[in-house]
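Let's take a friendly walk through this fold, one piece at a time. Keep the 3D view open as you read.

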Amino acid sequence: MHEYSIAYDIFATARRAAIENGADEVTTVKVDVGEMAMVNPEQVEFLFGVIVEDDPLFTGTHLECRTVKVRTRCECGYEGDEKFVCPQCGGLPHIVEGKEIVVTNIEIEVNES
């Protein structure tokens, strides 16, 4: 179950960024998940909730996963969303977007008293 390790990595990244920036609370963590990342975003969201449940920094934190569509490029010049066979030359296109899992934004609250 690699979704657990992904959820944990998202938590660790958000926690480290929150601490480095003096956060009192993490409100939202946004993640881009490529449609070919072979990950179930709903499972990641659930496991993230389990991981953060006892951390007071993450009380009420919402994880938002956005699916990133596949974008490919072929040596012949084709650019599009064909994953397996280039419609222009029959070659194998290179996936340039759609396999990643990236934390894109962490929203925090800082009490400056």
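Start with an open sheet made of three strands, which run in the order 2-1-6 with mixed pairing. Keep in mind that this is a predicted model. At the edges of this sheet stand strand 2 (62-68) and strand 6 (101-109), and each of them pairs on one side only. From one strand to the next, the twist averages 15 degrees.

How many bridges join strand 1 and strand 6? Strand 1 (residues 25-34) pairs with strand 6 in the antiparallel sense, over eight bridges. To find this pairing in the view, look for Asp32, which stands opposite Val102 in strand 6.

## Helices on the sheet

Now turn to what lies against this sheet. Helix 1 packs on the sheet and touches strand 1, strand 2 and strand 6. The direction of helix 1 makes about 40 degrees with that of strand 6.

Helix 2 packs on the sheet too, touching strand 1 and strand 2. Its direction makes about 160 degrees with that of strand 2.

## Where the two helices meet

Two packed helices are described by the angle between their axes and the distance between the axes. Here, the axes of helix 1 (residues 2-20) and helix 2 (residues 41-52) come within 8 Å, and they cross at roughly 55 degrees. Helix 1 and helix 2 are therefore oblique to each other, as the class called roughly perpendicular covers 65 to 115 degrees. Their crossing is right-handed.

Which residues of helix 1 take part in the meeting with helix 2? On the helix 1 side they are Glu3, Tyr4, Ile6, Ala7, Tyr8, Ile10 and Phe11. Helix 2 brings Gln43, Val44, Leu47, Phe48, Ile51 and Val52. Sorted by class, the contact between the two helices has eleven nonpolar residues, one polar residue and one charged residue.

## The antiparallel sheet

Strands of a sheet pair through backbone hydrogen bonds, either parallel or antiparallel. In this open sheet, three strands follow the order 4-3-5, and the pairing is antiparallel. Strand 4 (79-80) and strand 5 (94-97) stand at the edges with a single partner strand each, so one side of each is left without a neighbour in the sheet.

Strand 3 (residues 71-73) pairs with strand 4 in the antiparallel sense over two bridges. What stands opposite Arg73 in strand 4? The residue there is Glu79.

Definitions and conventions: Residues numbered from 1 in each chain as written. Predicted model: local features only at pLDDT ≥ 70, side-chain atom pairs only at ≥ 80, totals over all residues. Heavy atoms only, no water. Axes fitted to C-alpha atoms, helices over the stretch in contact; angles between N-to-C directions. Helix = DSSP H or I, 4+ residues; strand = E, 2+ residues; numbered from the N terminus. Parallel < 35°, antiparallel > 145°, perpendicular 65-115°, else oblique. Left-handed = near helix turned anticlockwise from the far one by under 90°. Contact = heavy atoms within 4.5 Å. Nonpolar A, V, L, I, M, F, W, Y, C, P; charged D, E, K, R; others polar. Pairing = 2+ DSSP bridges.
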